[in-house]
Amino acid sequence: MSMATRTEQQPAGPHTADSHDLIRVHGARENNLKDVSIEIPKRRLTVFTGVSGSGKSSLVFDTIAAESQRLINETYSAFLQGFMPNLARPEVDVLDGLTTAITVDQQRMGSDPRSTVGTATDANAMLRILFSRLGTPHIGPPAAYSFNVASVSATGGFTVDRGSDRTKTEKVSFSRTGGMCTHCEGRGTVSDIDLTQLFDDSKSLSEDPFTIPGYTGDGWVVRVITESGFFDKDKPIREYGKKERHDFLYREPTKVKINGANLTYEGLIPKLQKSFLSKDRESMQPHIRAFVDRAVTFTECSECDGTRLSALARSSRIGEVNIADACAMEIRDLAEWVRGLTEPSVTPLLTKLQHTLDSFVEIGLGYLSLDRASGTLSGGEAQRTKMIRHLGSSLTDVTYVFDEPSIGLHPHDIQRMNNLLLRLRDKGNTVLVVEHKPETIAIADHVVDLGPGAGTAGGTVCFEGSVDALRASDTVTGRHLDDRARLKETVREATGALEIRGANANNLQDVDVDIPLGVLCVVTGVAGSGKSSLVHGCVPAAEGVVSVDQTPIRGSRRSNPATYTGLLDPIRKAFAKANGVKPALFSANSEGACPTCNGAGVIYTDLAIMQSVATTCEDCGGKRFDASVLEYRFGGRDISEVLAMSVTEAEEFFREGESRIPAAHRIVERMADVGLGYLTLGQPLTTLSGGERQRLKLAVHMADKGGVYVLDEPTTGLHLADVEQLLGLLDRLVDSGKSVIVIEHHQAVMAHADWIVDLGPGAGHDGGRVVFEGTPADLVAARAGLTGEHLAEYVGA
């Protein structure tokens, strides 16, 4: 057998292909970026830092990652592009050297009540195939184990034309076995509705009896009920007969004609279930959520015990385990169970499932279970769950883009996350990370610092280089990189205590703890140790308790800080009073809107598969208001000029003189207190970063008349320089007589606390116990648990 000979030739010089080792950005102007030009090394770990709102996300996500995705989409056929979102080209002159970008952001994984950790990561799909092959008794294909598939059967006939006036009727039947519990329709919970919270039964339909949001006397929803012909409009609801009451509450959809229009009437209960209860609670508007909390009680389904699965699906087992048991296990325990299965016929499936489950454990999420609703995951947990499909991937020369991957992580867990980022880089990938934590900045090969300030004061590159060079630089990040909060010399004394006894929500193990009032109390512990279960699940949601969690602010391009905080209401009233006209004129979403662009400020031209083009409205010049409205002035400014002010300018404008509006001044003062002085009042909410949105929410809740504030990781998205301002804000809240309970991992907040409750020692069933309660100084002295060791190292003890 002859061997092919290979001639070794020395290259004359570097290959041309090896010269493309940089991502070049020139003239980036997206959002607040000011003609940013930068070169980012490929196959390295680059960390982007800077104060919140400095332009990090605009550069990394809205420019680099967005253009990569747009270019990839353009490689598909026009037919496929018609089903994809139309992405506009970012505002940038040149983008060169891009590779395929995989974005792993903090967006929640979806609020569909049917979505779980298992369905979101395909682990459930693999388990269903496994049980359909190995489960005994065999009950059917994988769909028979799915709580999203209902069992259906049908029988009928169809006519076959045989020609020459001959026809034949053939009988057909169809059946499909699904795993959905029919009682709860695969949700695991059933709702019990309190009718007294829906309407006043002493009133008739003509007297506007409804207390449901949106059910107003002159609205179409109520008109369909009132004019359906099924009821006497003047009879009190409590006097309805059996049939009338059934029609009012439970009638199936029925066609009715009202004023010549064909409409559908449906009973009140099924209508509410479709409109309100089919949505996740966290995705509801605040007033809708308040109504649902008041009117609806969710209880575990008695038919399936909350598993969502039918009795048939639960009857099939592998050994002693059915699919509901497998999904309820902590993932690290499930991984061990799968490892013990040795069936040659399904070896490829077991290998893939094992890899997926091991990735959960490796990334620090082994304490989750596959039946955990994905909407209940924190932003950090959701981001790490999305990372799972990329671990062990054979792809190289890919650009991975991460948005603060350390969010929600205890200092003990950050090292594990750092190792994963380095692993992705060492496989030959470009890793871009937006981050504030010094522990993650420290592992960077290259650092890009944006700023120097936020909003219009940011958008420029202040520094590029190594971590050591950043530390020696005079940028805001460089100066604060080695900041360390000191332990307090004296702590405040508690004025009372919130007693929690026998707490056993989720993984809590009959916890007894007294949370002191009148002080700054920090609840900490590794991810999954039970912090949120203790605080959100066991602190009574009574009157006077104000909870500021991580639920994202939802809003369109028409929403802005002025509308979200309620600031626009006193401003509109002041303009109306000063000019003797209606307040509605001063809303771009109402009567004052520019008729050409309908108050949007821009006109969109749809170009089908090509990107839509947004052009500034020529009539209003992007001001969003009709020209006649801009003639009305207050304090020498028109409404568009007021909305173009920054919070800092507005605070001065509304404070005194002829433009004094005390109600508006209080709101902008709270926004300035949480570090949002640089935002403009009319800036669309869609352009705000995650940290800015949470602080905006905090500013709104500061107006609540509560005695106890519960904050869930308020340092999320905060730069090192801003943490000090947050600590000052927490101190002011406590000094004003409030009690502040903070769920937090940041060592600066722990060191600044008056009292610490540390949960652990591990996550999941290894946690759920109180490891330590006392002052930060005592925790450092005792070096109790992982938190004590990391806090002692942080303060240099």
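User: What does threonine 565 touch?

Analyst: Leaving out residues up to four places away in sequence, threonine 565 touches Ile667, Met671, Leu696 and Val700. Contact means heavy atoms within 4.5 Å. This is a predicted model, where local features need pLDDT of at least 70, side-chain atom pairs count only at pLDDT 80 or more, and totals for chains, interfaces and linings use all residues. Residues are numbered from 1 along each chain as its sequence is written, and side-chain values use heavy atoms, with hydrogens and water left out.

User: Is threonine 565 buried or exposed?

Analyst: Buried, with a relative accessible area of 15%. Buried means under 20%, exposed over 50%, partly exposed in between (1.4 Å probe, protein chains only).

User: Where does threonine 565 lie?

Analyst: In helix 19, residues 561-565. Helices are DSSP runs of H or I, at least four residues; strands are runs of E, at least two; both are numbered from the N terminus.

User: Which backbone oxygen lies 2.7 Å from a polar atom of its side chain?

Analyst: That of proline 561. The backbone nitrogen of leucine 567 also lies 3.4 Å from a polar atom of the threonine 565 side chain.

User: New topic. In what order do the strands of the open sheet run?

Analyst: The order is 2-1-4, with 3 strands and antiparallel pairing. Strands pair if DSSP finds at least two bridges between them. Strand 2 (36-41) and strand 4 (94-96) are the edges, each pairing on one side only.

User: How many bridges join strand 1 and strand 4?

Analyst: 3, in the antiparallel sense; strand 1 covers residues 22-28. Histidine 26 stands opposite valine 94 in strand 4.

Definitions and conventions:
Polar contact = N/O pair within 3.5 Å; in protein donor to acceptor, adjacent residues only side chain to side chain.
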